[in-house]
Amino acid sequence: MAENIGETIEYDGLFLNTDTGSNNEIKVNVKGRLETANSINFLNYMTQLIDASPTGCDLILEMSELYYVSSTGIGAFTTILVNSKKRNMQLFIKNMQPKVMSVLELLGFTDFFNFI
Amino acid sequence: MNYSGGFTRLINDSKILFFVTKKDGTILYLNPFGQKLLGITSKNILEGINSIQFYANPDDKDDLDSILNSEQSSFDIEIRLLNKDGRLITGHEFGYIQKNDNGEQEIYGFINDISDFIQLNLDTAKLNIEMAEANQKLQDAYNTMAQQEKMATIGELAAGVAHEINNPLGFIKSNSRSLKKYLEMLTDVFQKISNSFSLKEIKNADKVDFILSDVKDVIDENEDGLNRIARITESLKRFARMGDEDVKADFDLNQAILDTLNIAQLQYKYIADIKLELGEIPMVFCNGDSINQVLLNLIVNAANAIEMLESKERGEIKITTSLENNLVTFSVSDSGPGIEPSVANKIFDPFFTTKEVGKGTGLGLSLCYDIIVQKHQGKIWFENLEKSGAKFSFILPGGTNE
């Protein structure tokens, strides 16, 4: 994972780029479409990132250019949330598009996440 | 062969929604199951209905439009619909785009209702989050209790340390009084010399020889006492240092054992002798505060075990360290009653204790397990000794940070 920091990786229409940033903060830019087919890639990517990150840091998912999330993608979000809690990390979802947010609202998941 | 009859029956009888729509979403055809799923009761109502009105999230139409405006001839997406009764339906939609005789785009497709499957998965996901949150709270509570346990232990030790310091302080004070008296006597001697007494007379009458020899003994004893006080306060300072439990550094395990024995003296000195076999071991890269806590818990447990026998004879606590296969090993064995086989598998469980009510929280050994196994990837175990007593051991990955 560490060797991929800074590089953009594509999984079938989903683009991921990690910026370790500063102030004990890790930012992942999530762009494109998070669908059933690439959710597992997204989850694996994030799991490796969380495992390799210092405990207690902030994990920010920048989603201003994420246009679609399937329910499997939401499942991936919840697993990422659980994994980050295990490492005592704070997960923040930043700039989520209203139409993607409405999917989370429909399925009753908004209470679990911190949106900024 | 003509299969169209079979396909017609499949479309009419299956539990899958089949549809044909215009590009703008106007429904041209919906099979019976589709009508039932969406809550359309009369075939006439179907006329002119636009599929967009069933979208739970109207923005999803934008996604479909971007597909229709692309070069794609088919698509495979997840869609959320709200039927006439307001029920949320999650469907897996597969569509094929083709032009009709007028050159207009039409979509032929089917939607498989996967709501139950998705709901089950999402319910599980919610449950996982709630469990993670509950675990987090439990872990926080455990950490707080572990910290309180450490503070309580230090509090108990403070009484012992005060006792250990009081002892040398007693004789240092008494010696100070003697020194003061000696100084007065020697001042008197000098006074007499200045008044021309014979030296021999003075020496005999004023015990000058005794004073001169005792002064050195008294000062030596005071120095020993002060050293003992310094040692014990240094040990306590090293032991009780509050640091970040995640920070690891090179740590002298043998020195830590001596420190722990210093500050825990009162716990064992009247009931057991200590036998030390400290081997040549490298510095261990670990969190020193946590390992101190483990040493203290194991040594005090050994003393408590011997105390439980209520024997008039002194027991023995044997402490060894060694390096085996690049692993630093620590063991403490006691001559107590040993561990009952029936409780052997519970001994490292939180809140399990064999001590009387009020004496043990049941967190000591569970804390040791957490520190050695979880925080340092080491191993901790115990065994009953052949004659009597138990031996607790742990291993830590050896070597320094270099």
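**Note on a two-chain predicted model**

1. Start with chain A. From the N terminus on, its elements run β-β-β-α-β-β-α-β-α-β. That comes to three helices and seven strands. Keep in mind that this is a predicted model.

2. Next, the packing of chain A. The chain has 116 residues, and 38% of them count as buried. Now take the contacts in chain A between residues at least 6 apart in sequence. Of these, 75% join residues at least 24 apart.

3. Look at A:Asp12. This residue has a positive phi of about 50°, yet it is not a glycine. Most residues other than glycine have a negative phi. Where does A:Asp12 lie? It sits in the loop between strand E1 (8-11) and strand E2 (14-19) of chain A. Is A:Asp12 buried or exposed? It is exposed, because 10 other C-beta atoms lie within 10 Å, and 12 or fewer count as exposed.

4. B:Gln377 is not a glycine either, and its phi is near 55°, a positive value. B:Gln377 lies in the loop that links helix H10 (364-375) with strand E11 (379-384) of chain B. B:Gln377 is exposed, with 9 other C-beta atoms within 10 Å.

5. Now the place where the chains touch. In chain B, 17 residues are in contact with 18 residues of chain A. On the chain B side, the elements that give two or more residues are strand E3 (74-82), strand E4 (88-99) and helix H4 (115-194). Which of them gives the most? H4(B) does, with eight residues. By class, this side of chain B has seven nonpolar, five polar and five charged residues.

6. Chain B also holds an open sheet of five strands. Their order is E7-E9-E10-E12-E11, and the pairing is mixed. In general, strands of a sheet pair through backbone hydrogen bonds, either parallel or antiparallel. The edge strands here are strand E7 (272-278) and E11 of chain B, and each pairs on one side only. On average, neighbouring strands of this sheet are turned by 15° against each other, direction ignored.

7. E11(B) and strand E12 (residues 390-397) of chain B run antiparallel, and six bridges join them. Within this pair, B:Glu383 stands opposite B:Lys391 in E12(B). A helix covers this part too: H10(B) packs on the sheet and touches E11 and E12 of chain B. The direction of H10(B) makes about 130° with that of E11(B).

8. Last, a helix pair in chain B. Two packed helices are described by the angle between their axes and the distance between the axes. The axes of helix H7 (residues 253-263) and helix H9 (residues 288-308) of chain B come within 10 Å and cross at roughly 55°. That angle makes H7(B) oblique to H9(B). The crossing of H7(B) past H9(B) is right-handed.

9. Which residues make this contact? From H7(B) they are B:Ala256, B:Ile257, B:Thr260 and B:Leu261. From H9(B) they are B:Gly288, B:Ile291, B:Asn292, B:Leu295, B:Leu296 and B:Ile299. By class, the contact of H7(B) with H9(B) has seven nonpolar and three polar residues, and no charged ones.

Key. Residues numbered from 1 in each chain as written. Chains lettered and ligands numbered in written order. Predicted model: local features only at pLDDT ≥ 70, side-chain atom pairs only at ≥ 80, totals over all residues. Helix = DSSP H or I, 4+ residues; strand = E, 2+ residues; numbered from the N terminus. Buried ≥ 20, exposed ≤ 12 C-beta atoms within 10 Å, placed from the backbone. Contact = placed C-beta atoms within 7 Å. Nonpolar A, V, L, I, M, F, W, Y, C, P; charged D, E, K, R; others polar. Pairing = 2+ DSSP bridges. Axes fitted to C-alpha atoms, helices over the stretch in contact; angles between N-to-C directions. Parallel < 35°, antiparallel > 145°, perpendicular 65-115°, else oblique. Left-handed = near helix turned anticlockwise from the far one by under 90°.
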